[in-house]
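Reader: Could you walk me through this one? I'd like to begin with a pocket and then change topic.

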Amino acid sequence: MIKKCSLIISIFIASSAVLTRATAENIYKCGDAYSQSPCPGGKLLNIDDSRDPQQKLQQDAATQRDAELAKEMERSRLANEAALRATEAKNHVAHKPKSAASEPTVVIIKPKRPRHQVTKPKDFTALVPGTAHQPTKKRSVKKPELDRQPG
């Protein structure tokens with residue numbers, strides 16, 4: 001019903017446009033804009049259609065043929081996409097494991113945060129200017145050697 005109405009309306013509009021035969025008016029280009037009234041510094045544009053009626057009919061027929069081809073290509077593409085979706089849905093259902101818990105489990109991953117290294121502050125020793133500072137050496141404790149007896 002809607003297609004019939006839109007077809008009738010488009011035929012009416014096309015026929016009224018052909019029958020009225022609009023006369024060309026002067027068009028002026030004013031900078032980046034176009035106007036029907038002259039403006040300062042505007043240029044008069046020549047907008048005559050130099051095609052004869054036969055050429056116009058041929059061009060209109062080619063345009064309509066291209067539009068129909070585009071619609072046919074769109075229908076074909078939509079049909080192919082629907083078939084592909086159906087195939088993917090079948091494959092997805094076939095590979096889906098059948099288990100009681102079919103709901104996906106949610107795993108929350110928390111980022112690891114760097115731990116601050118806790119260091120003991122070094123002891124502060126005040127020195128008198130002019131005295132030499134000798135670094136302290138740690139003494140190692142000698143472990144007693146065990147006498148081994150040959151056995």
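Author: The residues lining the second largest pocket are Q64, A67, E68, K71 and R75. On a 1 Å grid over the protein atoms alone, a pocket is an open set of points where a 1.4 Å probe fits, with protein on both sides within 12 Å along at least five of seven lines, and lining residues have an atom within 4 Å of a point. This is a predicted model, where local features need pLDDT of at least 70, side-chain atom pairs count only at pLDDT 80 or more, and totals for chains, interfaces and linings use all residues. Residues are numbered from 1 along each chain as its sequence is written, and side-chain values use heavy atoms, with hydrogens and water left out.

Reader: What volume does the second largest pocket have?

Author: Its volume is about 180 Å³, taken as the space filled by probe spheres set on the grid points, which are joined across faces, edges and corners.

Reader: Switching topic, how many disulfides does a search of the whole structure find?

Author: The search finds one disulfide, a term for a pair of cysteine sulfur atoms within 2.5 Å. This disulfide joins C30 to C39, with an S to S distance of 1.7 Å, and the link is left-handed, with -115° about the S-S bond.
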